[in-house]
Amino acid sequence: MSYSISKRVKKILPSFTLQMATKAAEMRSQGIDVINFSVGEPDFNTPPHIINAAKKAMDDGFTKYTAGPGMIEFREAICEKLSRENALDYSPTEILVSNGEKHSLFNACQALINPGDEVVVFSPYWVSFPEFVKLSDGFPVIVKTDSENNFEPDFKDLKKKISPKIKCVIINSPSNPTGGVWRPESISRLLKIAKKFNWVVISDECYERLVYEGEFFSAEKLNRSEKIGASVVSCFSLSKTYAMTGWRIGYASGPEEIIKAMAKIQGQATSCANSISQKAGIVALTGDQECVQKMRGKFLERRNHMLLLLDKLNNVTCDKPKGAFYAFPNLNKYIGKRVNKKIIKDTFDISDYILESTKVVTVPGDGFGAPGYIRLSYATNKKNISEGISRIKLALDNIK
């Protein structure tokens with residue numbers, strides 16, 4: 001029997017980061033000693049006080065649907081958090097709770113983009129950004145960044161690509177995949193351009209609590225403090241901050257009209273977010289934050305350890321990532337070289353070769369719009385980092 005799959009599905013790419021993580025899990029299930037640098041999630045368990053809040057919620061009967069935009073207690077907790085940590089005042093009507101921040105970003109694109117609209121996406125980009133745009137029948141406009149300056153926007157390239165069709169711009173700082181953290185000057189400059197051309201800024205601030213040098217600047221905080229007046233939808237996650245990836249809980253804040261439109265779409269797609277995760281989320285945001293600082297401290301140790309080892313690899317350079325939990329080394333000098341009678345054409349070939357020869361899972365930069373780079377997650381222990389980089393060194397030394 002043959003089926004006619006929609007054109008919508010055919011025009012998007014699969015999430016190859018999930019594919020790499022799946023490949024690692026399959027290898028482990030076969031008893032293969034694999035080291036996984038592909039996974040974009042903390043290796044810590046969710047802190048006990050958050051888990052206990054979920055258990056209590058179930059025991060107390062909070063196992064039903066909630067209000068579509070999220071239970072009012074959780075949205076009030078989010079407003080409290082945004083005021084306390086981001087210096088932003090919001091009301092619950094300007095908050096939408098979703099099934100993970102990825103869902104928030106998807107909702108924003110669905111609510112804002114019409115067929116034929118263009119959306120600025122900066123490269124390297126998180127793999128889902130261009131696909132969210134395509135799923136909304138829009139067109140991603142890929143703009144370069146400066147690899148020597150935290151992968152901040154290349155404003156000259158942006159200027160060349162400005163058109164009347166552009167509706168939105170997606171930004172991500174700290175960045176997945178680079179770990180780059182944009183300076184406030186660059187964010188402000190982009191906000192002013194967005195205001196001038198009436199673009200909506202969709203700001204992915206998933207890694208806001210994982211900044212190791214300097215200070216995190218929320219796009220909307222800069223927008224308000226500098227009185228720029230751009231329209232900003234900010235998307236946040238509990239997944240990375242509180243090791244809650246599997247709980248699927250995130251939220252967005254922004255102009256009430258946009259938030260209501262996003263909620264309308266979500267209401268038809270998933271009704272509401274997970275009620276138990278919302279109860280746990282209240283405790284996560286309002287409770288003791290020491291757990292966040294401890295995890296951040298561990299990530300910083302692991303980052304420094306990985307960078308020290310990467311610095312010893314031949315023909316590899318890696319800028320210091322200032323946030324998130326990814327290193328983004330440049331292996332461009334290996335492109336075009338030969339190993340096992342095959343020519344390495346791109347980073348897909350490099351990642352496949354490293355996996356086949358040393359059983360280390362990496363993510364090719366070509367999939368992020370960054371030829372020559374690979375992404376390595378240091379959300380794993382230092383022993384795995386040492387062993388994994390040692391294996392990668394053996395693999396690269398065989399490329400001639």
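Biologist: Why is E152 called buried?

Modeller: Buried means under 20% relative accessible area, exposed means over 50%, and partly exposed is in between (1.4 Å probe, protein chains only). E152 has a relative accessible area of 2%, so it counts as buried. Bear in mind that this is a predicted model, where local features need pLDDT of at least 70, side-chain atom pairs count only at pLDDT 80 or more, and totals for chains, interfaces and linings use all residues. Residues are numbered from 1 along each chain as its sequence is written, and side-chain values use heavy atoms, with hydrogens and water left out.

Biologist: What makes E152 and R183 a salt bridge?

Modeller: The term needs a side-chain nitrogen of Lys or Arg within 4 Å of a carboxyl oxygen of Asp or Glu. Here the N to O distance is 2.9 Å, so the pair qualifies. This pair links distant parts of the chain, with E152 in strand β6 and R183 in the loop between β7 and α8, 31 residues apart. Strands are DSSP runs (E, at least two residues) and helices are too (H or I, at least four), numbered from the N terminus.

Biologist: And what is R183 called, buried or partly exposed?

Modeller: Partly exposed, because its relative accessibility is 39%.

Biologist: How do you know that E256 and K260 are about one helical turn apart?

Modeller: Because they sit four residues apart in helix α10 (residues 256–269).
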